[in-house]
Structures are given as structure tokens and as C-alpha cells.
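This briefing concerns the structure shown below. It treats helix packing, sheet architecture and model confidence in turn.

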Amino acid sequence: MTAGARRAGFSSLAPFADALAWIDAHIGRLPAEAVAVQDACGRVLAHPLTTTADWPDVGRAAIDGYAVSAEDTEGASDYSPLALRMATFVSSGAAMPDGADAVIACSMTGSTGGATQALAAVARGTGIVRRGGDAPLGFQIPPGALRPEAAALLTLLGIATVTVTRLPRVGLVVADPRSGPDVLAPMLRALIARDGGITVQHIDLASLLVDDISLILLVGPTGSGRDDDMAMRLGAAGGMLDLHGIAMRPGESAGLGKLRGIPVMLIPDAPVEALAVWDLVAGPSVRAMGGRMSRAARPAMLGRKITSMVGVTDLVRVGVADGHAMPLGPADTGGLGRAVLSDGWVVVPDGHEGYPAGAAVAVHSPWAAGA
């Protein structure tokens with residue numbers, strides 16, 4: 001079965017591959033900027049980061065205890081305590097004093113006549129992190145989003161700033177809802193934040209253009225005839241659509257274009273369609289702008305067959321349990337309740353009629369960990 005090519009409001013449905021090609025051509029990683037380390041957690045490093053010094057910078061105590069010469073503890077036990085020639089109390093992280101080559105825990109010491117005694121023998125190097133033992137010169141900070149542990153290490157090394165990819169500023173214009181409360185603006189603001197963007201919301205395009213915007217989302221009627229209000233708004237502002245109507249379900253009335261050089265995405269005002277366009281088109285674009293990786297998919301076995309239409313890319317919500325993905329319904333039906341219950345989705349490419357039960361599939365989850 002082949003999808004019909006004609007649709008009122010737009011002359012044809014562009015293959016989903018064309019939408020991906022448009023994104024590749026018009027969406028790129030944003031420039032870098034320097035920020036303070038304490039403000040950089042969660043931001044994506046602009047380039048690989050290699051340390052230029054050892055940490056620790058000197059031998060340091062790994063535990064609270066007494067810095068000693070290990071040789072002085074040889075043969076010590078509870079029954080045969082040995083007086084220590086040197087026993088300097090050190091806290092974890094403190095630099096080791098000269099002449100000490102081990103730290104003995106307080107619980108392994110005693111005291112007689114004011115002299116500290118060893119109640120057990122310790123080997124040389126016990127309780128010590130040697131210079132560079134934690135992060136030697138040339139240590140590689142993992143790429144991607146800067147983790148709090150890495151920020152702490154950089155601070156210890158005296159590094160005050162790091163270079164990160166600029167956060168995408170996503171302009172959001174949402175039409176007044178045709179019925180009921182506005183659910184789209186709060187949902188999209190949360191999705192933008194989840195995928196590493198900053199929402200800049202205005203009521204019209206003219207107001208939006210005074211801001212430094214990376215991407216514009218026009219959310220509202222994008223369908224047929226008089227129901228194509230957002231495309232007309234874009235045209236009235238001087239913008240142009242390159243694609244309008246994409247062979248994907250849900251979300252076929254989405255569009256892609258430009259306004260004064262800024263990428264624009266038309267997003268339908270039906271919540272489930274808006275969510276699908278976000279998951280497959282807008283969300284990956286925001287992540288790419290911010291230097292974030294695509295979400296990793298996890299393998300699963302399909303618990304029930306999926307039927308799809310050749311010529312249309314389908315996003316099918318699934319629940320996952322014990323490695324089995326169970327479709328929650330066809331791509332072209334269902335509402336937010338199905339999205340709430342899903343653990344992710346399976347994408348059926350436009351050249352497939354679906355997948356049989358038992359097929360190995362990739363389940364994409366927007367909540368998966370990763371930068």
C-alpha cells in the first residue's frame with residue numbers, strides 16, 4: 001500500500017529522508033564560548049580536554065590517620081605494639097610530610113605515655129595517593145557534557161574556565177489554542193530544556209527576531225486550507241518554507257524553512273503530533289546545535305507485529321519489559337495517554353510494511369541517559 005501524494009494545504013508529502021537531509025544542511029553545532037567551571041556542569045565541551053598537570057600535585061593522604069615510616073611498623077601487632085619515631089596526624093587530602101611513606105589509620109594505633117604506637121604493620125604507600133596517582137598529566141576528560149566530578153577535578157587543578165558549546169536559544173511562538181487549555185507551550189518548554197536548549201517565547205515573530213535565536217518553532221494550525229495559519233504567518237514575516245508536509249506519522253503537516261537565515265520548524269497543534277515532530281525532527285536538531293549526541297537506542301524483541309504504510313515513516317510507541325517491546329497501538333491513532341505509558345518508540349522506515357512479532361527492533365527513548 002502506498003501513501004497518497006496529494007494533500008490539501010501542501011502539494012505533496014516529502015519523504016522523511018528529505019527532512020533529515022534538510023536538517024543536515026541547515027542545522028549545525030553552535031560556536032563555542034568560555035564559561036566558569038562552576039557554571040559549566042551539564043554543558044557540552046567544545047573540544048577534547050586534556051589536563052596539563054598532575055593531580056595530586058604531591059603525595060597526599062587518602063585517609064585520616066598518622067603519617068609514618070612504614071619501616072617503623074614492621075612486626076607491630078595488638079600483642080606487640082611498637083612506638084613510632086614519627087607519627088604526624090594528617091587528614092584525608094593533606095600533603096604528606098617529609099620522611100613519611102604511609103598513613104596508618106587511627107584505629108590501628110594506640111598511645112602509651114604520650115607516644116603513639118602502631119598496633120599493626122602497614123606497607124609502604126598504604127593510605128597515600130601518590131603524585132599523579134588520581135589524574136596524571138595528560139589525563140583525558142571524557143567528551144560530552146561536563147560532569148560534576150570533572151568540574152571538581154578542574155577546580156583542584158586551578159582551571160577556572162572551560163570552553164563549551166553555546167546553548168541553543170529556541171524561539172517559540174504558539175498560537176492560541178482552538179479549544180481547552182494551552183498544553184503545547186509548557187510541554188515544548190520542558191522538551192527544549194530536556195534537550196539542552198533555552199526557550200525564548202514571544203507572541204509573534206517580529207518580537208522574536210530581536211533576540212539572538214538559533215531556531216524558531218512555530219506551533220499551531222499547519223494543516224489544510226484555512227487551517228494552515230502558521231505557514232501564512234511565516235510568509236507574512238518574510239520567511240519561506242522549503243518543505244511543508246512530511247511523510248511521517250504522526251506529524252505529517254510539519255514544515256521546515258527559514259526566516260532571515262534562521263531555521264524554522266512548523267509544528268502541528270495536536271499534542272501527540274507535536275510530540276512526534278519533536279522526537280524525530282526538532283529535538284534532534286536542538287541537540288545537534290548544542291553539541292549533544294543522538295540518543296542511544298536499546299535493542300528489544302517485538303512482542304506483537306507492527307503494520308505500517310509503505311511510503312510513510314511511522315513512529316510507534318511501545319512499552320518495554322524484560323527485553324520485549326509491546327506496541328501500544330498504530331502510529332496514526334492514540335493520544336497523550338499512550339505517550340505517557342510508553343517507554344520509547346520504534347521507527348518504521350518508509351520502505352517497510354512493518355515488523356512481525358519476534359523481530360529485533362531498536363527502541364528510542366527520549367529519557368535515556370547521555371549527553
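**Helix packing, sheet and confidence**

Helices α1 and α6 cross in a right-handed sense. The model is predicted, and its average pLDDT over the chain is 91.

Packing of α1 and α6

- Helix α1 spans residues 16-26 and helix α6 spans residues 271-289; their axes come within 11 Å and cross at roughly 10°.
- Because angles under 35 degrees count as roughly parallel, α1 is classed as roughly parallel to α6.

The six-stranded sheet

- An open sheet of six strands runs in the order β14-β13-β15-β19-β18-β16, with mixed pairing.
- Its edges are β14 (198-201) and β16 (240-244), each of which pairs on one side only.
- On average, neighbouring strands of the sheet are turned by 25° against each other, direction ignored.
- Four bridges join β13 (residues 169-174) to β14 in the parallel sense, and Val-170 stands opposite Thr-199 in β14.
- Helix α3 (residues 184-194) packs on this sheet, where it touches β13, β14 and β15 (215-220).
- The direction of α3 makes about 170° with that of β13.

Confidence

- A pLDDT of at least 70 is reached by 95% of the residues.
- Residues 1-8 have a pLDDT below 50, and this stretch has 18 contacts in the model beyond near neighbours in sequence.

Definitions and conventions:
Residues are numbered from 1 along each chain as its sequence is written. This is a predicted model: local features need pLDDT of at least 70, side-chain atom pairs count only at pLDDT 80 or more; totals for chains, interfaces and linings use all residues. Side-chain values use heavy atoms; hydrogens and water are left out. Two strands pair if DSSP finds at least two bridges between them. Helices (H or I, at least four residues) and strands (E, at least two) are DSSP runs, numbered from the N terminus. Axes are lines fitted to C-alpha atoms, for helices over the stretch in contact, and angles run from 0 to 180 degrees between N-to-C directions. Contact means heavy atoms within 4.5 Å. pLDDT is the predictor's confidence in each residue, from 0 to 100. Angles under 35 degrees count as roughly parallel, over 145 as roughly antiparallel, 65 to 115 as roughly perpendicular and the rest as oblique. A crossing is left-handed if the near helix is turned anticlockwise from the far one by less than a right angle, and right-handed if clockwise.
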